[in-house]
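I opened my notebook to look up a few places in this model, one after another. I wanted to write down what I found for each.

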Amino acid sequence: MNRVKFVSPDEAVRLIESGDHVYLQGSTSIPEVLVEALAARGHELRDVTVYSGFAVARRPSPLCRPEFRDSFLIDSFFVSNAFRKWIADGYGTMTPRFLGEVPELFRDGTCRVDVALINCSLPDAEGYVSFGVSADLATAAVECADRVIAQINPHVPFTPGDAVIHLSRLAAAVSVDEPLVEVPTAAPTDAEIKIGNFIAEQIPDGATLQIGVGGIPNAVIRALQGHRHLGLHTEAMTDGVLPLLESGVIDNSLKTVMPGKSVASLALGSRALYDFLDHNDDVIFKDVAWTNNPYTIAQNPKVMSINSCLEIDLTGQVCADSIGRTIYSGVGGQHDFVYGSSRSEGGKSFLAMLSTTSRGVNKIKPVLTEGAGVVTTRFQTNYVVTENGIVNLRGKNLAERARLMISLAAPQFREELEREAFQRFGHAYGRLMHGSFI
């Protein structure tokens, strides 16, 4: 019953044929041994479409070599560091879609999945393995694939939830002993700590948290140590939440959806996080179509959505996926949780960033940079935060928004932004500046 055919990586990828559509598992669990073996077949394969989602790789993918440009078409739903340059150079592409809606593309056949390559834990007594830190898109891809090829890897934690498959479902398995990529939590800067404190002051006890990835979300987590009875329903789980879980600040006692359980779709962090997750029944990993469903999110009380962005214009349009015309990442779950929190009783959404780039370039723009993608529209933006303060755009008209956004900019850019705002919004903005109505 629990038998599976273990083969070499080269033998396993022989199951992939020209013209196939192949899904690569993501997060910090890319099945790199299988990917290397697939790349070794690059000279004999043609027109293999490779789907990927949110992922953190050790290095650029071996599939991204000039001689393989007709062998593999990289099609990302979220551009990772493995494929970023390849796509920017025009050899690969990306399919725009809210991450929570990608599983539907697999399930309704819009994006065919012939083969799924995944990275799995050791089997339990009943012959089930877990694909660990990446339930996200992998759940639907595995469900829809004709052939599932797995790395069986003792470093992958066994996580309860949707990311589980029986050995009998595998077309082939490869024995691998390879640690997951680690993404340690960096200490936040003084500016990030300010942002974290601004946001933490707005979060009540009993709130349900969705926390994005990066220095600013981790700064928020550090500022929540004095809170009580928080819940966790998030897309990505990171090391930052471990102190809150271990201290009981996050106890999930007041959640409506899966009370008593922390819920995530993927995880990325250090070995300590992966060890914490292994066979931990208090943390459930779910299909991203479920975790990111705004109507599921909204059932929890006081949902606090905390995400980062790359630039924002004076009206509250938010870019979080591109730098000008260059696609840098993807939409992820930002939109889903911004909307879900807005429908949650007592919910709030926070979009945070440092006011300038590392080179001192202003990130609060009169208009978004040419080619920049709008991830969160001006119609959905609520709280915006920089190291210079926090403002709430909810219910504010365009002129009022411009005034509030300028207050978040670095001081050296405010005069220029004032001129741009007056030119764009005219007398309505001028009256604000002179205090005629506030």
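**Notebook entries**

I began with asparagine 252, which is buried because its relative accessible area is 3% (buried means under 20%, exposed over 50%, partly exposed in between, with a 1.4 Å probe and protein chains only). The model is predicted, so I noted that local features need pLDDT of at least 70, that side-chain atom pairs count only at pLDDT 80 or more, and that totals for chains, interfaces and linings use all residues. I also noted that residues are numbered from 1 along each chain as its sequence is written, and that side-chain values use heavy atoms, with hydrogens and water left out.

I found asparagine 252 in the loop between helix H8 (242–247) and strand E13 (262–264), where helices (H or I, at least four residues) and strands (E, at least two) are DSSP runs numbered from the N terminus. Its phi is near 60 degrees, a positive value in a residue other than glycine. Most residues other than glycine have a negative phi.

Next I looked up lysine 302, whose phi is near 50 degrees and likewise positive. Lysine 302 sits in the loop between helix H11 (294–297) and strand E16 (303–308), and it counts as partly exposed because its relative accessibility is 32%.

Last I turned to serine 344, in the loop between helix H12 (334–343) and strand E21 (348–352). Serine 344 counts as buried, at 6% relative accessibility. Leaving aside neighbours within four places in sequence, serine 344 is in contact (heavy atoms within 4.5 Å) with Ala298, Asn300, Pro301, Lys302 and Val303. I also noted that the side chain of serine 344 reaches the backbone nitrogen of lysine 302 at 3.2 Å.

Note on methods
Polar contact = N/O pair within 3.5 Å; in protein donor to acceptor, adjacent residues only side chain to side chain.
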